[in-house]
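Me: I am new to this structure and would like to learn how to read it step by step. Could we take one feature at a time, with the general idea before the case at hand?

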Amino acid sequence: MQMVQEVAEVDEIIAKYGGDKSAIIQVLLDIQREHRWLSKGVLKEVSQKLEVPLSQIYHLATFYKAFGLIPKGRHSVLVCLGTACQVRGAPRLLDKVIETLKIKPGETSADMRFSLDTVNCLGCCALGPVMVVDDEHYSKPSAKEIQEITAARE
Amino acid sequence: MPRLNSAIDLERLKQEILTRADGKRIVSITNGTDGKTRHSEAVVQAFIDEVEKQGLADKVIVKSTGCHGFCEKEPSTVIFPEEICYVSLKPEDAPEIVSATLIENKIVDHLLYVDDDGNKIVHESEIPFYKYQSRIVFGNNRLIDPKNIEDYIALGGYTALAKALLEMTPEQVLEEVKKANLRGRGGGGFPAGIKWETTRNAPGEIKYVIVNADEGDPGAYMDRSLLEGNPHSVLEGLIIGAYAIGSHQGFIYVRQEYPIAVQNLSVALEQAQELGLLGSNILGSGFDFDVKVHRGAGAFVSGESSALMTAIEGRVGEPRPKYIRTAVSGIWERPSNLNNVETWATVPLIINKGSEWFTGIGTEGSKGTKIFSLVGKVNNTGLVEVPMGMTLREVIFDIGGGIPGGKKFKGVQTGGPSGGIIPESLLDTPVDFDELTKLGSMMGSGGMIVMDEDTCVVDVARYFLNFLAEESCGKCVPCREGIYQMLKILNRICEGEGREGDVEVLEEISEVVRDFSLCALGATAPNPVLSTIKYFRDEYEAHIKERRCPAGVCKALISYYIEPEKCQACLICLRNCPVGAIIGGKNLVHVIDQEKCTKCGTCFEVCPPRFDAVTRLSGAKVPEPVLAGTEVARKRGKKNE
C-alpha cells in the first residue's frame, strides 16, 4: 500500500515539472524532501516516467550530497564546517553533537530519530559555529543546550 | 496589479507608490537568514503588533527586509527618514522603540550601537562599520521587502530596463557594459561585456543567459543575501543582459541550501510576470524573456560554469573541456552567457548612471565596488561593500573593527578554496583582481576570512584540501589523485609525522595539479598550500622538524597540562571533562590523564581566568604529574602574603 502511495506521489511531482527530462534533479530533490530518501522502487518509477536510464539516475543520486539512498531520520541535524565556522571552533561543536547523539556524520540513529551531517557553509557566518536542527538555526550551542534541543524532538 | 506597458506606466506606478508612503515613517527590520536565527521574525511581529496597538498603522510602515550587512548586530532596525539605527533587538524592545522614537521622537539610548570608545551612535551612516562602505549595490536591501515588488519600483527599480528596452539598441547596451569594464564578481574576474559580446556573436538563434547563484565557497554569503534581500536587482540585470545578447530564455541556478532565497526569488518572478516586466512583450517593447529556476543539489564543483550548464541539462554537474567556450557552446550546445549574482545586480546601475560614473569608482584594472563577507576572527562580522582599491587593512580594521579579544592578526584568507592566506606584511594591498592574484591568492567570490594567532595555517591548508578532495568530481587525474596525495602529506604533517622533504614534494605535486587539471577547481587547489608555504614556511618547519604547532591547534601536537602551583581544585574542569580524564578532588591538585585526554580543550576554556591553571603545550614534553593526593597551595588573598 505504501509503495502505491509513494508511486502516486512521485507521479505528482513529475507532473509538476511537466514531465521534462531536464528537470530530473528538481524531481529528485522534491522526492528526497517528501520521503527523506530515494528508494529503489521510487527511482525505477522516475526512470520509467521520465525515460531516463536507471544507471543515469543512480549516477545523479550518488553524485549530489542532497540525495540519500538510505532512509534519513525524522530530524536532521547539521553542523556547519565552513571556513568561518571552522575558524570559530566548529570541530569542537561537532564533537559535542556526536557525543550527544551518539552517531557520526553520515549516520542515522537506530531509532530513526536523527540523522547527522556536516555542511560546508550555510551562509550565516556571523553566528558561527552553527548547528541546524530541521530548519532551526542555533548559534554556538553549549553541550547542555544541544542535549535540550535534541531531547525536545521526538 | 495592472500590467505595465510602457515607461510611462512604470513611472506612474512609482509615483503612486511614493504618494501612498508619503509622510510615513519606515521601520525596516533585518529578517533574512541571519536575522531569523536570532528570532528576527518575532521582532518583526512585535513591531507590527505594537504599531497596530498604538493606532499608528496609517503613519508607520513596518518593513521586513533582508540582511543589511552588519550581521553581528542582527536583528537590527533602521528607522527612516532619520536613519536612526537600533541593534541587537529582542521582541520586547518593540514597545519601547515605538513609544519613545515613533511617538515621542526620543532616542532609546540603550539600544544604540556603541563604538570602541564607548560613544553611542544614532545614525546608521555614522557607525564605523557602515561609514567607510560604498553600498551602491547592497544598500537598497534596507528599503526592500523582498516579497513586495513595489518597494523595488519605489527606488527606481526597472527604470534601467525601461531605458535599455525602449531607448537603447542591444548594441548600445552591450557597448555601455563593455565601456564600464565590469569584471565578473564570481571569482573569474572576466570582463562581462566581452563575454556578452562573444555570446551575442556566436552562431545560433537560441541563446541562454544564466545567473550563477551556486555560491559554494565556505564563508561567502554575499549572493545569498542579495538574492534574499533584493532579488529584483538580479532579475533586472539579467533581462537587460538578455536583451543585449539576444536571448529569450534565462536560468537561475540556486543552491538548494538557500531555501529562503529560492522562495523570495519565486515570489519576485511571479510579481514581475504579473506586472509585465517578465514574459512576453516586456513593458510593451516587443521583447520576450522567460526565466526558469533550477535548484542545485549539493555539489561544489557544479558551480563551475560548464558543470552548472551540464546540471541544467539534467545531467551530473561535472565540468567539461572548454576547447570551445561555453559562450559559444553551452547548455544543449547553444551559446550561453553565465554571470554571477553580484555581476548581474550591478548592470542596472551601469545602465542608469552610465559607464563613466562606474569607471570613476575603483582602480585602473578593477572598476566599481565589491561585496565581501568579512567573517572569522573579526569584531564586526558581516557583509561589506567597498570600492575596489580600498586596502585590506582598511577593510579589516576600519570597517571590521579588528581582532576580538586583543589577539594578534595572522592572516586573511580570500578566494575561498581557490585562494590563499595573505599575511600582515601585505595588509596594505588594495582590493583589486590583479593585485590579489599577484600575491598568490585571488579575489574569488568575496569571502574574506580573518585569522588570528590561534589559527594554524597548516591546518587551514589541510582543511581546504580536504574540502576539495571531497568535492572533486574525479574526472581528471591531476585533480583527483594530486589533491588526494597532497592531503595525505598534510594529514601526516598535522599528525606529527611530517618528514624532511614534504614541503618540496607538496610544491612539486602542486605544479602538476595547477597546470593540468581540467577545470579551475583543480587548477587553483594548490593555492592555499602554496601561499601558506610562501608566507608561513616557519609553521610548516615547526610542525615537521619540532613536532610543534605554534597556534596550538593540531591535536596530535598539543597537550593540556594543569600547573600544580596554580590549581585551586575548584572541580570545574573535572566536572566538564567529557571523557573523565581529570583526576582530583576537593583541595587536591587536578591532574589530566594524558592517555585519556582527547585534547578537546574544554578544561582550557573553563578554568577560571583568575586561576589560569591550564596550559596548552606543544613541541615540549608534558611534565611528570604530581603524586596523587597532593594538596593545592591555597591562595587566600593578601592575608597570607
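Reply: Gladly, and please keep in mind that this is a predicted model. We can begin with chain A, where the centres of domain 1 and domain 2, taken over C-alpha atoms, are separated by 29 Å.

Me: Which residues of chain A belong to domain 1, and which to domain 2?

Reply: Domain 1 of chain A covers residues 2-63, while domain 2 of chain A covers residues 75-151.

Me: How many residues of chain B are in contact with chain A?

Reply: Contact here rests on C-beta atoms, placed from the backbone, lying within 7 Å. By that criterion 38 residues of chain B are in contact with 33 residues of chain A. Several elements of chain B each supply at least two residues of the side that touches chain A, among them helix H2 (33-37), strand E9 (290-295) and helix H18 (457-471). Sorted by class, that side of chain B has 16 nonpolar, 15 polar and 7 charged residues.

Me: How should I read a sheet, and in what order do the strands of the open sheet in chain B stand?

Reply: Strands of a sheet pair through backbone hydrogen bonds, and the pairing may be parallel or antiparallel. In chain B, 4 strands form an open sheet in the order E2-E1-E3-E4, with mixed pairing. Strand E2 (60-65) and strand E4 (84-86) of chain B each have a single partner strand, so they stand at the edges with one side left without a neighbour in the sheet. From one strand to the next, the twist averages 20°.

Me: What joins strand E3 of chain B to E4(B)?

Reply: Strand E3 (residues 77-80) of chain B runs antiparallel to E4(B), and 3 bridges join them. Within this pair, Val78(B) has Cys85(B) as its bridge partner in E4(B).

Methods
Residues are numbered from 1 along each chain as its sequence is written. Chains are lettered from A and ligands numbered from 1 in the order in which they are written. This is a predicted model: local features need pLDDT of at least 70, side-chain atom pairs count only at pLDDT 80 or more; totals for chains, interfaces and linings use all residues. Two residues are in contact if their C-beta atoms, placed from the backbone, lie within 7 Å. Ala, Val, Leu, Ile, Met, Phe, Trp, Tyr, Cys and Pro count as nonpolar, Asp, Glu, Lys and Arg as charged, and the others, Gly among them, as polar. Domain bounds come from an automatic or database domain assignment. Two strands pair if DSSP finds at least two bridges between them. Axes are lines fitted to C-alpha atoms, for helices over the stretch in contact, and angles run from 0 to 180 degrees between N-to-C directions.
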